[in-house]
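Hi,

Here is the structure we talked about, with its sequence. My notes on helix packing, pockets and cavities follow below.

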Amino acid sequence: IQWGKTDSILKVEDKDNVKRFCTVKLDNIKISDSPKWMKNNLESYGIPSINNVVDITNYVMVEYGIPMHAFDISKLKTQENHPLLLVRKADQGEEFETWQGTKIKLSTQDTVVADAEKPVAIAGVIGGANSDIDSNTKAIILEAACYNQAAIRRTSIRHSIRTEASSRHEKFLNPKLVKDSILRAIYL
């Protein structure tokens with residue numbers, strides 16, 4: 001386990017819209033089906049089971065109220081002296097593809113989580129197809145965060161994207177629960 005407190009894992013540039021952002025790097029991940037009890041629990045909330053890693057993030061979101069996301073490290077583009085994840089404002093017209101395959105042109109009003117080359121998530125709204133967890137995933141960065149509620153709402157409306165994460169981020173979330181959520185996911 002390596003916490004995202006070092007510049008090699010995480011850097012937050014958009015401090016106006018980020019209240020708290022925690023990451024942890026986990027190696028030797030094995031992707032599989034989730035246990036039946038977790039699938040049943042998620043299904044009772046209308047959340048489909050995807051795989052053990054994605055299901056854990058959703059399970060902890062339901063339990064703690066803090067949306068979480070996992071990034072496949074092997075899919076992140078790296079550069080020397082650049083963190084694995086950079087939370088920044090999007091460039092005007094920058095392109096992003098959601099994990100669902102929807103292509104979006106971003107605005108400078110959008111906050112993104114990016115690797116060294118491109119956005120891998122629209123912060124607080126939706127993850128990208130370019131860093132999703134699949135059967136080949138071996139190492140991940142797990143993140144939980146709290147954002148400026150109004151900024152998330154504007155981004156969600158601007159791009160007509162409504163997700164469980166965006167609806168939660170549009171309300172007050174307790175920043176103190178961000179690290180607790182990460183710890184819960186690790187030890188689940």
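Let me start with a helix pair: Ile56, Tyr59, Val60, Glu63 and Tyr64 in helix 2 meet Leu177, Asp180, Ser181, Arg184 and Ala185 in helix 5. Contact here means heavy atoms within 4.5 Å. Sorted by class, this contact of helix 2 with helix 5 has six nonpolar, one polar and three charged residues. (Ala, Val, Leu, Ile, Met, Phe, Trp, Tyr, Cys and Pro count as nonpolar, Asp, Glu, Lys and Arg as charged, and the others, Gly among them, as polar.)

Before going further, please keep in mind that this is a predicted model: local features need pLDDT of at least 70, side-chain atom pairs count only at pLDDT 80 or more, and totals for chains, interfaces and linings use all residues. Residues are numbered from 1 along each chain as its sequence is written, and side-chain values use heavy atoms, with hydrogens and water left out. Helices (H or I, at least four residues) and strands (E, at least two) are DSSP runs, numbered from the N terminus.

**Helix packing**

Two packed helices are described by the angle between their axes and the distance between the axes. The axes are lines fitted to C-alpha atoms, for helices over the stretch in contact, and angles run from 0 to 180 degrees between N-to-C directions. For helix 2 and helix 5, the axes come within 10 Å and cross at roughly 135°. That angle makes helix 2 oblique to helix 5 (under 35 degrees counts as roughly parallel, over 145 as roughly antiparallel, 65 to 115 as roughly perpendicular and the rest as oblique). The crossing of helix 2 past helix 5 is right-handed. A crossing is left-handed if the near helix is turned anticlockwise from the far one by less than a right angle, and right-handed if clockwise.

Helix 2 also packs with helix 1 (residues 36–44), at an angle of about 55° and with the axes 10 Å apart. Helix 1 is therefore oblique to helix 2, and their crossing is left-handed. Trp37, Met38, Asn41 and Leu42 of helix 1 touch Asp55, Ile56, Asn58 and Tyr59 of helix 2. The classes in this contact are five nonpolar, two polar and one charged.

**Pockets and a cavity**

The search used a 1 Å grid over the protein atoms alone: a cavity is a set of points where a 1.4 Å probe fits but cannot get out, a pocket is an open set with protein on both sides within 12 Å along at least five of seven lines, and lining residues have an atom within 4 Å of a point. Grid points are joined across faces, edges and corners, and a volume is the space filled by probe spheres set on the points.

The largest pocket has a volume of about 780 Å³. Its lining has 32 residues, and Val54, Asn58, Met68, His69 and Trp99 are the closest to its centre. Helix 2 gives the largest share of this lining, four residues. By class, the lining of the largest pocket has 19 nonpolar, nine polar and four charged residues.

The second largest pocket has a volume of about 190 Å³. Among the residues lining it are Leu26, Lys30, Ile56, Leu142 and Ala185. Elements that give two or more residues to this lining are helix 2, strand 11 and helix 5, and helix 2 has the largest share, four residues.

Finally, one cavity of 30 Å³ or more turned up in the whole structure. Gln109, Asp110, Thr111, Ile122, Ala123, Ala151, Ile152 and Thr155 line the largest cavity, and helix 3 (residues 149–158) gives the largest share, three residues.

Best wishes
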